[in-house]
Amino acid sequence: MTNSYMDEPSLPSRVLLGPGPSSVHPRVLQAMTLPVVGHLDPKFFQIMDDVGEMLRQVFNTSNHMTLPISSTGTGAMETACVNILEQGDTMVICRNGFFGIRLADIAERCGAQTYTLDVPWGKPVDVQALEDELKKHPEVKAVGVVHAETSTGVLTPLPEICELAHRHGAVVIVDAVTSLGGHEVRMDDWDIDVCYSATQKCLGAPPGLAPISFGPRAMEIIHNRESKVQSFYFNLKDLESYWNQTRAYHHTSPISMTYALRESLRMMMEEGIDTRIKRHARTAAALRAGLTAMGLELLADEQYRLNPLTTVKIPEGIDDATVRGQLLNDFNIEVGGGLGELRAKAWRIGLMGESARETNVFALLSALEMILSKIDYEVAAGASLSAAQRALVDFEN
Ligand SMILES: Cc1ncc(COP(=O)(O)O)c(C=O)c1O
């Protein structure tokens with residue numbers, strides 16, 4: 001009898017056009033094969049410093065505490081909440097999708113009194129409604145908001161929300177998991193107090209690290225807490241002693257993932273952050289034009305559409321699993337299904353990081369046209385491709 005785990009691993013090289021992970025450039029994969037050094041090796045400290053410096057550029061901040069957490073994005077959500085909140089604190093969370101729900105859940109688990117501002121899925125946060133909610137909670141300590149809702153494809157503008165929260169004496173925790181590196185995130189200019197992301201989306205590294213940054217108000221709260229942070233792993237004060245010049249051991253750093261993040265950030269610096277953001281906008285414009293030309297309806301309000309992720313309503317009578325299964329099996333392309341209330345009702349198409357390329361847009365559109373036309377959905381052959389081409393030309397003009 002043979003054990004399957006002894007078989008040669010044969011994994012296809014997928015075109016990752018889902019909500020993350022996105023495709024990883026060979027340079028980043030190559031970086032992961034560098035020799036593993038110790039997490040207290042001076043050579044590794046240099047790499048940590050490089051990562052911190054480049055992350056500050058991407059977050060547009062001078063915050064000293066800007067570092068990758070050893071986890072995926074959810075761990076950064078926990079890090080933000082567990083360090084800011086103490087038992088009985090009040091937090092208002094804007095929920096316009098699946099990840100707002102998760103943020104509220106995590107805040108509640110920290111012992112906070114949570115109040116949620118629910119917004120229909122597909123819409124951005126309603127600033128007036130948030131103001132009305134904040135007026136009800138004079139003791140509010142934190143406001144949580146998801147910048148780029150990956151479940152709906154909506155981008156919520158942040159400056160007004162930050163100003164409002166601060167007027168009410170609250171710090172702002174921002175989820176920028178899907179926006180960082182794909183949209184502008186200006187932590188200092190917009191006065192965001194805590195902002196976190198993840199490596200596997202627009203930053204272009206594999207999943208495994210979650211960049212986060214804490215501003216002065218947040219650090220003051222952390223340094224003046226009355227109670228102990230209930231998580232050992234995500235306790236920022238201890239992480240600070242490893243990431244500042246003390247270099248005190250806290251936990252073993254994911255060395256190879258840190259190499260990968262450094263390489264992906266270097267690639268971003270070479271390309272230019274603004275150029276990369278523009279690339280996300282350009283490919284998204286082409287994708288939307290192509291999908292619309294196919295007669296498909298986009299879910300998010302036009303002026304609030306995310307560039308790294310586009311949500312498409314699945315037409316009546318079309319089976320979600322069949323289409324996504326054929327994309328994966330026949331064309332090697334992964335796209336995402338709907339989450340929560342959008343399950344089986346929407347496709348989530350990601351053009352993030354290395355995946356945000358024109359060639360991927362054309363590959364997906366032609367594959368989707370072929371699949372849909374075979375299952376009696378009427379599409380004019382090639383219409384989506386010429387619409388995408390026109391959008392690319394228009395984008396440059
Ligand atoms: C907006 C948002 N927040 C948080 C997360 C959680 O990140 P992870 O799955 O890396 O833990 C995701 C994951 O897709 C996300 O899109």
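How many bridges join strand β3 to strand β5, and in which direction do the two strands run relative to each other? In this predicted model, four bridges link β3 (residues 90-95) with β5 (residues 140-146), and the two strands run parallel. Both strands belong to an open sheet of seven strands, and the protein as a whole comprises 14 helices and 15 strands.

**Overall dimensions and packing**

- The radius of gyration of the protein is 22 Å, close to the 21 Å that the globule rule gives for 397 residues, so the protein is as compact as a globular protein of that length.
- Along the principal axes, the C-alpha trace spans about 65 × 55 × 55 Å.
- Of the 397 residues, 49% count as buried.
- Among contacts with a separation of 6 or more, 72% come from residues 24 or more positions apart.

**The seven-stranded sheet**

- The strand order is β2-β10-β9-β8-β5-β3-β4, with mixed pairing.
- Strands β2 (66-69) and β4 (113-118) form the edges, each pairing on one side only.
- On average, neighbouring strands of this sheet are turned by 20° against each other, direction ignored.

**The β3-β5 pair**

- Within this parallel pair, T90 stands opposite V140 in β5.

**A helix on the sheet**

- Helix α8 (residues 216-223) packs on the sheet, where it touches β8 (171-175), β9 (194-196) and β10 (210-214).
- The direction of α8 makes about 110° with that of β8.

Methods: Residues are numbered from 1 along each chain as its sequence is written. This is a predicted model: local features need pLDDT of at least 70, side-chain atom pairs count only at pLDDT 80 or more; totals for chains, interfaces and linings use all residues. The radius of gyration is taken over C-alpha atoms; the globule rule is 2.2 Å times the number of residues to the power 0.38. A residue is buried if 20 or more other C-beta atoms lie within 10 Å of its own, exposed if 12 or fewer, and partly exposed in between; C-beta atoms are placed from the backbone. Two residues are in contact if their C-beta atoms, placed from the backbone, lie within 7 Å. Two strands pair if DSSP finds at least two bridges between them. Axes are lines fitted to C-alpha atoms, for helices over the stretch in contact, and angles run from 0 to 180 degrees between N-to-C directions.
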